[in-house]
Amino acid sequence: MTIRLGLVGLGKIARDQHLPAIAATNGIELAAIASRNAGLPDLPHFHDIDALLASGTAIDAVSLCTPPQGRFEQARAALLAGKHLMLEKPPGMSVAEVEALGRLAEDRGLTIFTTWHSRAAAGVEPARALLSGKTIRSVRIEWKEDVRHWHPGQQWIWEPGGLGVFDPGINALSIVTRILPEAMHLTGATLEFPENRAAPIAAELAFSTDSGIPVAASFDFRQTGPQTWDIVVVTDEGTLKLSLGGSRLSVDGVERMAEEDREYRTLYGHFVSLVANGRSDFDLAPLVHVADAFLLGRRKVTDAFHD
Ligand code: NAP
């Protein structure tokens, strides 16, 4: 069976990644778009998901590519209409609202996939395998990018629920929570908020794993020039480095992996297999850490930010 997919929110990530990945994945095809201001030639187009679901257009699943604010209502509508569901990261604005979606999907026997695209980066599974059984000494995350370049004009990112610098930072947390052999918890944080914005522009985070390994993270949205998306894990048998968002892997400076980006093709392939097997992939760990940062973080007010 080919999954007929309705895509909701035809914005930057939908165009850059979802459309080509869907076209390149067997077992799924784009059947309709719901987006207030954008459509595609030759495809049924609706203003929003409610109009799509009310239209009777034949779809089996929905992929939500909208901002996290408002995602809950859209996701709930899709599940209540009997559609399998794929969620862009972060899967929602709060932990509790996403848990509610998980329960609803389970009750209805539907697939829910909380995607974490960075976990599908080429170096991540090899890094996980390399770290298995090793004694880890420390972990250092540096995730620094230029918000003006990567999120031009995206006002939602600065609103409550938009996460600010945690929008990219949660990608790093999704990788670390996948590659480390044990869980971690936040022990302290400082969040810098521009005086005119509701979401942080930078954050310093300290975690400890269950056995006490320190994990430090620096997130910053003000980085110009070269961009940094690095995770360094020091073990008793050498230093592992994931760079460029997880697509490059090196050990003690020797490159082990450098592959072209296949993140979203991997996600859609996984979704097809989840639906075929009646399963879900539902992991909120990265969102829990971000929620904890807002709970524990010391707030610092910094210069106003203007696009
Ligand atoms: P975006 O460019 O702003 O696109 C989101 C689209 O959703 C908009 O074009 C808009 O289309 C629709 N939308 C529906 N309700 C909206 C609302 N209340 N406010 C704004 N737009 C609304 O955002 P994006 O970068 O694609 O990000 C969407 C999601 O993907 C986010 O959760 C983000 O974290 C995730 N993501 C983004 C990237 C990236 O590099 N940009 C990478 C990975 C994941 P209409 O106006 O036509 O309705």
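**Helix H7 and its surroundings**

Modeller: Helix H5 (residues 124–131) packs against helix H7 (residues 166–179) at an angle of about 40°, and their axes are 8 Å apart. The axes are lines fitted to C-alpha atoms over the stretch in contact, with angles running from 0 to 180 degrees between N-to-C directions, while helices (H or I, at least four residues) and strands (E, at least two) are DSSP runs numbered from the N terminus. On the H5 side the contact (heavy atoms within 4.5 Å) is made by Val124, Glu125, Ala127, Arg128 and Leu131, and on the H7 side by Ile175, Arg178 and Ile179. These residues divide into five nonpolar, no polar and three charged, where Ala, Val, Leu, Ile, Met, Phe, Trp, Tyr, Cys and Pro count as nonpolar, Asp, Glu, Lys and Arg as charged, and the others, Gly among them, as polar.

This is a predicted model, in which local features need pLDDT of at least 70 and side-chain atom pairs count only at pLDDT 80 or more, whereas totals for chains, interfaces and linings use all residues. Residues are numbered from 1 along each chain as its sequence is written, and side-chain values use heavy atoms, leaving out hydrogens and water.

Helix H7 also holds Asp167, whose side chain meets that of Lys89 in a salt bridge of 3.4 Å, N to O. Lys89 lies in the loop between S5 and H4, so the pair ties together parts that are 78 residues apart in sequence. A salt bridge here is a side-chain nitrogen of Lys or Arg within 4 Å of a carboxyl oxygen of Asp or Glu, and the structure holds nine of them.

To place this pair, consider how the chain is divided: domain 1 covers 3–114 and domain 2 covers 119–257 + 291–302, bounds that come from an automatic or database domain assignment. Eight residues of domain 1 are in contact with twelve of domain 2, and the area buried between the domains (accessible area, 1.4 Å probe, lost on putting the two parts together and summed over both) is about 740 Å², with carbon and sulfur atoms giving 62%. Within domain 1, Lys12, Gln69 and Lys89 lose the most area to domain 2, together 55% of what that side buries. One salt bridge is counted between the two domains.

Lys89 has one further feature, a cis peptide bond that joins it to Pro90 with omega about -15°. Most peptide bonds are trans. Pro90 lies in the loop between strand S5 (84–87) and helix H4 (95–108).
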